[in-house]
Amino acid sequence: MINRRTTSILLLLTASLIWGTSFVAQILGMEHIGPMTFCFSRYIVSFLFLMPFSLIIDGRRSHLRCGGAERILSQWKNCISSGVICGAALFTASSLQQVGLLYTSAGKAAFITAMYIVIVPLYGLFMKKIPSRLTICAILLSTAGLYLLSVKSGFTMEAGDALIFASAFFWAAHIMACYRFSKSHDPLKLSAVQFATVALLSAAAMFLFESPRWGDIYSSLLPILYAGFFCTCVAYTLQMMAQRYVSPVATCIILSAEALFAAFFGCLILGETLTARELIGCAVLFSATLLAQVEEVRNGG
C-alpha cells in the first residue's frame, strides 16, 4: 500500500504540472473559437483517445478469463451513473473556468481555482464533520487573499475572477466525486464516461450559445489537441487512478502546485505579469490553501 500511495502521489504531481500548462492552452485555444466550442473539442478529443485504449485493454482481459466479455460489459454499465455525476461536475467547473479565462489571466485564474483546496473541507460539513480551527483560519485568510488578488476599487470583482471563483466549488465537488467512485470502478472506464458526458453537455451549450465553424476549430487545432490529450485524457485519468489511494484532502495539497506552474507558464509563454498587490494576494491565497489542510493531514487525511 505504501508503494501504491507513493506512486499515486507522483501521478498527482504529474497531473498538477500538466494542468499548470492547461491555462495557457485554454487561452490560446479561444483566439478563434468560443469557450463552449473549445470545451466540446477538448473533451471529444480526450474521449476519442481514451475510449479505444480502454477497449483494447478490455479485449485483452476478456481473453484471459472465462466469461470476461460479460464481466466487462457489466462493468461499463455499472460505471455509467457514477461517470455521469463526475462528468456533470467537471462540465460545470470547466465551462465556468473557460468563460472566465476570457476576462482574466492564466496566473490569476489558477490561484483563484486553487480555492477548491479550502472548499473541500467545507463540504465535510454535509457529512457532519466540523472544520478545524486551522480550516476556519484558512477560510478567513483565503478571503483576504482573494480580495487582494481580484477585488478592485469600489469593492467590485471582475467578471472573469467571479466565474473562476464559482468554478472552484465545482472543482471541489469533482474531487469528492472522483474519490467516492474511483474506489469501486475501473478508472479508465469512469474517465471515458465522464469525458463523454462533458462532450455532450458542451455540444448542447455550443450550439445554443455559439456558432461553431470547422475552419475556426481547425485554426485552434494545436491547443485543442494539447488540452484534449495531455490536459484532459492523461491528467484526469491520472487523477482518477491516484484517488483510489489518496484522500481528497491530500489530493488537494498535491494539486495546489498547479497554481504555481500556471503562473510560471503564463509568464513564460503569454508574457503575463501580476501587480505587487496581486502577487501578495497569490501568496496569501496559496498559504491559506496549505494551512487549511495541516490538521487534516496530521490526523491522517
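**A chat about Tyr236 and its surroundings**

Biologist: Leaving aside neighbours within four places in sequence, which residues is Tyr236 in contact with?
Modeller: They are Trp19, Arg42, Tyr43, Leu90, Trp171, His174, Ser191, Gln194, Phe195 and Cys231. Contact means heavy atoms within 4.5 Å.

Biologist: What kind of model is this?
Modeller: This is a predicted model, where local features need pLDDT of at least 70, side-chain atom pairs count only at pLDDT 80 or more, and totals for chains, interfaces and linings use all residues. Residues are numbered from 1 along each chain as its sequence is written, and side-chain values use heavy atoms, with hydrogens and water left out.

Biologist: Back to Tyr236. Which residues have the most contacts inside the largest nonpolar core?
Modeller: Tyr236 is one of them, with Trp19, Phe23, Tyr43, Leu90 and Tyr116. That core has 67 residues. A nonpolar core is a set of buried Ala, Val, Leu, Ile, Met, Phe, Trp, Tyr and Cys residues joined through side-chain atoms within 4.5 Å. Buried means under 20% relative accessible area, with exposed over 50% and partly exposed in between (1.4 Å probe, protein chains only).

Biologist: Which helix gives the most to this core?
Modeller: Helix α8, residues 187-209, with 9 residues. Helices (H or I, at least four residues) and strands (E, at least two) are DSSP runs, numbered from the N terminus.

Biologist: How do the axes of α7 and α10 cross?
Modeller: At roughly 55 degrees, coming within 8 Å. That makes α7 oblique to α10. Under 35 degrees is roughly parallel, over 145 roughly antiparallel, 65 to 115 roughly perpendicular, and the rest oblique. Axes are lines fitted to C-alpha atoms, for helices over the stretch in contact, and angles run from 0 to 180 degrees between N-to-C directions.

Biologist: Which residues meet there?
Modeller: From α7, Trp171, His174, Ile175, Cys178 and Ser182. From α10, Tyr236, Gln239 and Met240.

Biologist: New topic. Is Val120 buried or exposed?
Modeller: Val120 is buried, because its relative accessibility is 4%. Val120 is in helix α5, residues 116-123. Beyond its neighbours within four places in sequence, Val120 is in contact with Ala172, Met176, Pro248 and Cys252.

Biologist: How far is Val120 from Ala173?
Modeller: They are 53 residues apart in sequence and 7.5 Å apart in space, C-alpha to C-alpha.

Biologist: And where is Ser41 found?
Modeller: In helix α2, residues 35-64. Ser41 is buried too, at 6% relative accessible area.

Biologist: What about the chain overall?
Modeller: It has 14 helices and 2 strands. Buried residues make up 50% of its 301 residues.
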